[in-house]
Amino acid sequence: MAISRLRAAAASTLFKPAFARSFSAAAAQNGAEASKTRTAVSYILAPHGCKSGSVIHNFGMKSEALDAASSTMSQMAILDINSQVGSCMPLNMMRIGTMIHNIELKPGQGGKMVRAAGTCAKILKEPTSRYVLIRLPSGVEKLVDTRCRATVGTVSNPSHGAKKLRKAGHSRWLGRRPVVRGVAMNPVDHPHGGGEGRSKSSGSHGRTSQTPWGKPTKGGYKTGPLKRRK
């Protein structure tokens, strides 16, 4: 098992198992579990603004569910569901300007994008064709298959990024190991180590920023534009 030098095992008490949606019906989001066997419980990402007792709708990938949604009465229900936070449905049932999260990349694959706390994406164009244009939290616009499902609303806990760690041990709980500067090490431990004073090399010639394994890591080395081969 490969382990990063700056990552460690996190505290197991901070994480809870997540379960994918397994049914396509209206479900009441209750604080307590329905049964110990978890046969009728489906865990989802908590949407922002969804409270205990709120009714959310989940449309599955079955053909009968999609055929029922094409009727006139179902279309009226979709317009109402589309304004409710926490409802999950294919993108072709949503309207332009809807804020969504937990988006699938392939139909039936499960949510892969926009799952972080406090994030959401926006539908930019009306999903009339096979693909729909959405804007991700990074600002990138992406075409997604209209058969893919997504959840209406924003992921809960929007103040997650503003949370400050109370002590150094809090970082260890999250699985983050201490970071030591290369110039503070010995030459045997890092290419920047050794020398008199604050220098990255013991000789008169300077040395570019490198990883502990001697590879250049200066900005632009890996992130710069790639030249097209002729």
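View 1. His101 stands opposite Thr151 in S10. What you see here is a predicted model, in which local features need pLDDT of at least 70 and side-chain atom pairs count only at pLDDT 80 or more, while totals for chains, interfaces and linings use all residues. Residues are numbered from 1 along each chain as its sequence is written, and side-chain values use heavy atoms, with hydrogens and water left out. Strand S4 (residues 99-101) and strand S10 (residues 149-152) run antiparallel and are joined by 2 bridges. Strands here are DSSP runs of E with at least two residues, helices are runs of H or I with at least four residues, and numbering starts from the N terminus. Two strands pair if DSSP finds at least two bridges between them.

**View 2. Thr151 also has Cys88 opposite.** Cys88 stands opposite Thr151 in S10. Strands S3 and S10 pair in the antiparallel sense, over 3 bridges.

**View 3. The open sheet.** In which order do the strands of the open sheet lie? The order is S3-S10-S4-S7-S8-S9, with antiparallel pairing among these 6 strands. Strand S3 (88-90) and strand S9 (141-145) stand at the edges with a single partner strand each, so one side of each is left without a neighbour in the sheet. On average, neighbouring strands of this sheet are turned by 45° against each other, direction ignored; the angles are taken between lines fitted to C-alpha atoms, run from 0 to 180 degrees between N-to-C directions, and for helices use the stretch in contact.

**View 4. Inside the largest nonpolar core.** Which residues touch the most other members of the largest nonpolar core? Among its 18 residues, they are Leu91, Met94, Ile100, Ile103, Met113, Ile134 and Val144. Strand S7 (121-123), strand S8 (131-135) and S10 each supply at least two residues of this core. Such a core is a set of buried Ala, Val, Leu, Ile, Met, Phe, Trp, Tyr and Cys residues joined through side-chain atoms within 4.5 Å. Buried means under 20% relative accessible area, exposed over 50%, and partly exposed in between (1.4 Å probe, protein chains only). Leaving aside residues up to four places away in sequence, Val144 touches Leu91, Ile103, Glu104, Met113, Arg130, Tyr131, Val132 and Ile134, where contact means heavy atoms within 4.5 Å.

View 5. The side chains of Arg149 and Glu104 meet in a salt bridge, at 3.7 Å from N to O. Arg149 lies in strand S10 and Glu104 in strand S5 (residues 103-104), so the pair ties together parts that are 45 residues apart in sequence. Arg149 and Glu104 are both buried. A salt bridge is counted when a side-chain nitrogen of Lys or Arg lies within 4 Å of a carboxyl oxygen of Asp or Glu. The structure holds 3 of them.

View 6. Arg135 and Glu141 form a salt bridge through their side chains (3.5 Å, N to O). Arg135 counts as partly exposed at 38% relative accessibility, and Glu141 counts as partly exposed at 46%. Asp145 is the salt-bridge partner of Arg147, with the closest N and O atoms 2.9 Å apart. Is Asp145 buried or exposed? With 8% relative accessibility, Asp145 counts as buried, whereas Arg147 counts as partly exposed at 44%.
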